[in-house]
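Let's take a walk through a protein model together. Have a look at the chain from end to end before reading on.

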Amino acid sequence: MENIDLLITLTQHERDSNNVTIAFTMGLKAAQKGHAVELILLSDGVHLATEGYADKIDIGEPFEPISKLLPAFLDAGGKLKVCSSCMIHNGVDENTLVEGAEVIDADYVVDAVLEAKKSLQLN
């Protein structure tokens with residue numbers, strides 16, 4: 001497991017667009033500051049990792065839409081992790097994930113939560 005400065009866990013999707021936007025905004029800011037950041041998508045949040053899904057979420061100013069935040073997060077070195085069990089439960093096919101998303105299991109989630117220096121949980 002990599003050294004994680006900030007671990008963000010997110011269980012929401014478009015039903016809680018505010019928390020989704022906060023998660024990606026804070027993750028991007030931390031990555032831009034040079035921190036090792038992982039954003040783990042759990043529960044309904046796994047939908048966010050599918051191609052085109054980010055286009056649904058834009059809460060307006062002063063925030064950027066997720067369609068801009070997600071690729072900017074990845075470009076800044078942020079790591080997007082997606083729970084495999086949550087994908088199966090929510091009918092998300094691995095072949096539909098955005099480039100750069102990594103499928104993980106429950107053991108990884110537990111280890112990341114326990115080993116990260118800091119965490120932000122948006123559930």
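What pattern does the protein chain follow when read along the sequence? The answer is β-α-β-α-β-α-β-α-β, built from 4 helices and 5 strands. Here helices (H or I, at least four residues) and strands (E, at least two) are DSSP runs, numbered from the N terminus. Please keep in mind that this is a predicted model, in which local features need pLDDT of at least 70 and side-chain atom pairs count only at pLDDT 80 or more, while totals for chains, interfaces and linings use all residues. Residues are numbered from 1 along each chain as its sequence is written, and side-chain values use heavy atoms, with hydrogens and water left out.

Now for the overall dimensions. Along its principal axes, the C-alpha trace spans about 35 × 35 × 25 Å. Of the 123 residues, 49% count as buried, meaning under 20% relative accessible area with a 1.4 Å probe, protein chains only.

Next, step inside. The largest nonpolar core has 41 residues; such a core is a set of buried Ala, Val, Leu, Ile, Met, Phe, Trp, Tyr and Cys residues joined through side-chain atoms within 4.5 Å. Leu-10, Phe-24, Leu-39, Leu-41 and Leu-80 touch the most other members. Among the elements that give two or more residues to this core are strand S2 (37-41) and helix H2 (66-75), while H1 gives the most, with 6 residues.

Leaving aside residues up to four places away in sequence, Leu-39 touches Ile-8, Leu-10, Ala-23, Phe-24, Phe-73, Lys-79, Leu-80 and Lys-81, where contact means heavy atoms within 4.5 Å.

Technical notes
Buried < 20%, exposed > 50% of the residue type's maximum accessible area, 1.4 Å probe, protein only.
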